[in-house]
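Have the fold open beside you as you read.

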Amino acid sequence: MTVESTAARKPRRSAGSKAGTTSTERTTRTTARKSAEPELVQLLTPEGKRVKNAKNAEYAKYVAGVTPEELRGLYRDMVLTRRFDAEATALQRQGELGLWASLLGQEAAQIGSGRALRDDDYVFPTYREHGVAWCRGVDPTNLLGMFRGVNNGGWDPNGNNFHLYTIVIGSQTLHATGYAMGVAKDGADSAVIAYFGDGASSQGDVAESFTFSAVYNAPVVFFCQNNQWAISEPTEKQTRVPLYQRAQGYGFPGVRVDGNDVLACLAVTRWALDRARDGEGPTLVEAYTYRMGAHTTSDDPTKYRADEEREAWEAKDPILRLRRHLEASNHTDEGFFAELEVESEALGRRVREAVRAMPDPDRFAIFENVYADGHALVDEERAQFAAYQASFVTESDSGFAAGSGGN
């Protein structure tokens, strides 16, 4: 697998279609979506060319001093994150993980925003922020242990200022707001960032977070990765206005950034974090991107979206975009890409070996910590489950092991 490859991970076209959604309807919707390209902050075009105009000037200054070495670092981050993500998807398909939520296509939004953070800033993620976890120094195998069911996160949130993954949609924005209010009361010179998706933007928890953060001027950045699909629900079925404009109703600024442009995401997030640290309150950043894979490994996106839509976004691939810029600017050579390919494959092997060395999940762990002091009903259910497990016998137990005379 090449470091930029997405073709190997494309979901196969299903012969069937979702009830009520025909191929023609999917194609028509795709055409309508493509014809309504939004205005956004963009510093790198899909062809890798720098964008310089007055509209972007306020944000461009935040990356004016980015060096070729830093650009190569951003590229490396995205490539290794994608490689890890591809390996995790393969491991789930092979029964090593219970589930996996891929970030394919969203690398620029996560790496750009993640590298904008200072060590003393605090992150509240959802369950797809693998790239941000990478930027915060969280070992990728800890993420996989959670999806394998052998830990509840596996890392100390305070060790990396990176909270545990939150599965409940949107609730981490409330946690982030409360934490940010505490930061403000402590007088600390740090900021908080909360990640969520376009689907979560429709949750009441997010609305409450916007209200409290605005009223209390909390130093928090709400970073919405709008990948345009809340599982099978397109964004236009959730809102009549661009998501970033919702901030206006709460009294704080919102900005839409090209979520496939790692430089723009870095710049806009730095700007928003500076606002928070300077006591100017919350900001909503909408990173307009695309989920090139499935929602999770239990999802089949071919049931609800057209191939043409995905292919159009593959042409805007965030990794290819930065590579084109690096090559056109003579900021690197083929040796860099070759070495990164080797490093990428080594990461894939390390992840695979680490997962396969993990123990199987403890089947009885689900009964622990349900009640602080225990409960008779839980004890009864545990005993019933133990009896059920004991009903499964191996071949050796039943006398049909190899060499026992069985046919």
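Let's begin with one term: a residue is called buried when its relative accessible area is under 20%, exposed when it is over 50%, and partly exposed in between. Keep in mind, too, that you are looking at a predicted model.

With that cut-off in hand, turn to a charged residue. Asp-317 has a relative accessible area of 5%, so it is buried. Its partner is Arg-82: the two side chains meet in a salt bridge, at 2.9 Å from N to O. Arg-82 is buried as well, because its relative accessible area is 2%. Now look at where the two sit. Arg-82 belongs to helix H3 (residues 68–93), while Asp-317 is in the loop between helix H11 (307–314) and helix H12 (318–328), so the pair links parts of the chain that are 235 residues apart.

Helix H3 takes part in another such link. The side chains of Glu-87 and Arg-352 form a salt bridge, 2.6 Å from N to O. Since Arg-352 lies in helix H13 (residues 334–356) and Glu-87 in helix H3, this pair ties together parts that are 265 residues apart in sequence. Glu-87 counts as buried, with 7% relative accessibility, and Arg-352 also counts as buried, at 17%. Both residues belong to a network of salt bridges that includes Arg-83 and Glu-345.

What about a pair that is partly exposed? Asp-120 and Arg-118 form a salt bridge, with their closest N and O atoms 3.0 Å apart. Asp-120 is partly exposed, as its relative accessible area is 38%, and Arg-118 counts as partly exposed at 31% relative accessibility. Over the whole structure, a search finds 25 salt bridges.

Now for the nonpolar side of the story. In soluble globular proteins, nonpolar side chains tend to be buried together. Here, the largest nonpolar core has 67 residues, and those with the most contacts inside it are Tyr-75, Leu-144, Tyr-165 and Leu-322. Helix H10 (residues 262–277) gives the most to this core, contributing eleven residues. Apart from this core lies another, of 20 residues, among them Tyr-122, Ala-218, Phe-252 and Leu-284.

To finish, zoom in on Leu-322 in the largest core. Which residues does Leu-322 touch, not counting those up to four places away in sequence? The list is Leu-44, Leu-71, Leu-74, Tyr-75, Met-78 and Val-262.

Definitions and conventions. Residues are numbered from 1 along each chain as its sequence is written. This is a predicted model: local features need pLDDT of at least 70, side-chain atom pairs count only at pLDDT 80 or more; totals for chains, interfaces and linings use all residues. Side-chain values use heavy atoms; hydrogens and water are left out. A nonpolar core is a set of buried Ala, Val, Leu, Ile, Met, Phe, Trp, Tyr and Cys residues joined through side-chain atoms within 4.5 Å. Buried means under 20% relative accessible area, exposed over 50%, partly exposed in between (1.4 Å probe, protein chains only). Helices (H or I, at least four residues) and strands (E, at least two) are DSSP runs, numbered from the N terminus. Contact means heavy atoms within 4.5 Å. A salt bridge is a side-chain nitrogen of Lys or Arg within 4 Å of a carboxyl oxygen of Asp or Glu.
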